[in-house]
Amino acid sequence: MCGIFLIKYNLKYNNKPNLKADIKNCYKHLGRRGRDASGILLIFEEKLAIIKSNSESSDLLKSNLFNKELFKFSTLFKGKKYGEIFVIGHTRMITHGDPDNKENNQPIINNDAIIIHNGIVTNYDILTNRLNKNLITNVDSEIFLHLFKNKNDEKYSLDNFKKNIELIKGANNFILINLKLKKIFVFTSNNSLHYTRLKNDTEFYSSERILLKKIFGKQKHNFKEVKLIKNKIYHYDLKFKSKPKLDIKYIQKQHKLKKQNNKIDEIKDILLHKVDLIRCKKCILPSTFPFISFNSDGICNICTNYKFKKEKGEKLLLDKINKNNQPKLLVPLSGGRDSCYTLHYLNKIREFDTIAYTYDWGFVTDVARKNISNICGSLGVEHILVSANIRKKRENVNKNILAWSKKPHLGIIPLFMAGDKQFFYFAEKIKLENKCTDIVFGQNKFEETNFKSGFIGINDFKYKKNNYYYDFNYFGKLNILFKYLLQFLINPSYFNSSIFDSFSGYLSYYFFPKKFIHFYDYIEWDEDNILNTLKNEYNWDEGISNSTWRIGDSTSNFYNLIYLSTVGFTENDTFRSNQIRNNLMTRDEALKKINHENNINFTLVKEYLDNIGIDVKIFKNTINHLNKINTLQ
């Protein structure tokens, strides 16, 4: 889930390497893969220098410490005609371990070994017990440093390492330095590590192919990309005469947003909507749903105007993909059921060349990340992750929720998720960078939640051009902007530093071109088949939520709690109602489903509030004083 790179210079053929420029370029293009922390490792002869930071790589590059240490390191090989220089870097996106604990940031160091790692070891706990190791960090990466020994076996060998690496589950890529064996090991399990070698014997590894081209692509006569073999261990010998002393420096930055430690009992104390709802006699939408009305038979206007959604069929999907010679597909991957199954179908069943893409804005759940790692590792699919400035995104959500708590309005709740809409921009960018022919989006067509814009005063059915949730006509898009601006004027607290990110999200969501192939427009959405396939083949985990929808989004339990406690329904009601209208479920079955799915998981709400630094007392008071039912306008 992070970004890693390695550059090896040979002074015999390149006696004046420009370390600073190359490092800057690497961090510039890999920074988007992780902004929570960064680190660098420099090796020449007996000198081994490490700098670790709890901030993003741009801060590391600007620091006096980095520039001072790089200058000192560069003097070691100045004027020398022989020798090898290794520069190894890391940009971190948090999956395990608080980045403010310097031991958790990479490079991870334990006795005789150092690692820089991209990925998630999904069987980390099992391996820790099996190898009988006490780890010094909270990071799964450290497990690699202990694979040179077996449990209850003090034999320290490369054979043990090769054997134990086969036990690792998930998509994992690493650069590991073993000081005892005097070797550097390089490994990829899913093509998320790319390699090139220049004629001057400079070698380069990067988490993304685009970086090879950005740095070395202009040297076309000198540039040759070599595809690494998955699950093969590559290695380099280090010319140490003796074990080098580690020179480790730290850059610790103070960050504004501090996590809370809310009490779950206080979250459970939030009042839930207790009034008996009048529901449609055909679907299960209640009278509190915006713009709803019922005829004399008690059937809602949404049901009477509904158009049956028939899939176009597998043949048309394959024809659309195969219209391009040698199709290469980009599959957005959230870690949820629908996107994971889309990747499974395209890569394993139809054997298309695929790349997976995830945009993490700070609220992708741990269970989703685990699912992503499992399926990409199992299929050997390259995974490109774009990480936002997560701390900044969470600060923005914090500001908007605090502003909302002063004058709460149900129509403003989507503003809390505005920060994830740059997903669309980066999807197109990744597609172009990797020369993909199409983006195949696994959006479930039954997941329409028309009430979210309805509460701001926008009737989706009036302004939407088709079934896609972002596809309003221009009048509808401008009307949404006007309605939000009106609420901002009523509550000026929304005019904070987050407004620029929110407006960027609005533009990306409503105006950025979206030339997607929608997978479930063609292939039948069969919930049982999807879940059974994923669980059996990829050990897919649905987590602790009561619904298998939105398991990749840690915001969903939070906003569904607001809707449930004020108007008595959640997005689960809309999802199941759409299935009823498409003859996939009876009304009784749907009522049973939501009776379970609408049980909010308060543990997940606590995690969300803790991460964005919101005291539950503020949130609880806001919800408990909201006017029940009469909050539609």
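Predicted model: local features only at pLDDT ≥ 70, side-chain atom pairs only at ≥ 80, totals over all residues.
**Entry 1: cysteines**

I started with Cys303, which counts as buried because its relative accessibility is 7%. Residues are numbered from 1 along each chain as its sequence is written, and side-chain values use heavy atoms, with hydrogens and water left out.

Next I looked for disulfides. A disulfide is a covalent bond between the sulfur atoms of two cysteines. The search counts a pair of cysteine sulfur atoms within 2.5 Å. Cys303 is in none either; for Cys303 the nearest cysteine sulfur is that of Cys283, at 3.6 Å. I also checked Cys280 for cover: it counts as buried because its relative accessibility is 0%.

I looked up the peptide bond from Gln106 to Pro107, and it is cis, with omega near 5°. Pro107 sits in the loop between β4 (84-92) and β5 (108-110). For these labels, helices (H or I, at least four residues) and strands (E, at least two) are DSSP runs, numbered from the N terminus.

Glu45 has one of about 50°, although it is not a glycine. I found Glu45 in the loop between β2 (37-44) and β3 (47-53). Glu45 counts as partly exposed because its relative accessibility is 38%.

Glu351 isn't a glycine either, and its phi is positive, near 55°. Its loop runs between α10 (337-349) and β15 (353-360). Buried or exposed, I wondered about Glu351? Exposed, because its relative accessible area is 67%.

**Entry 2: a nonpolar patch**

Last, I noted a nonpolar patch on the surface, formed by Tyr474, Leu478, Leu481, Phe503, Leu507 and Phe511, with about 560 Å² of accessible area together. Which one gives the most? That's α16, with three residues. I picked out Leu478, which is in helix α16. Leu478 counts as partly exposed because its relative accessibility is 49%.

For the patch rule, I wrote down that members have over 30% relative accessible area and no salt bridge; like charges are joined within 9 Å, and nonpolar side chains (Val, Leu, Ile, Met, Phe, Trp, Tyr) within 5 Å. A salt bridge is a side-chain nitrogen of Lys or Arg within 4 Å of a carboxyl oxygen of Asp or Glu. Accessible areas come from the Shrake-Rupley method with a 1.4 Å probe, and for residues only the protein chains shown count as cover.

How values were computed: Buried < 20%, exposed > 50% of the residue type's maximum accessible area, 1.4 Å probe, protein only.
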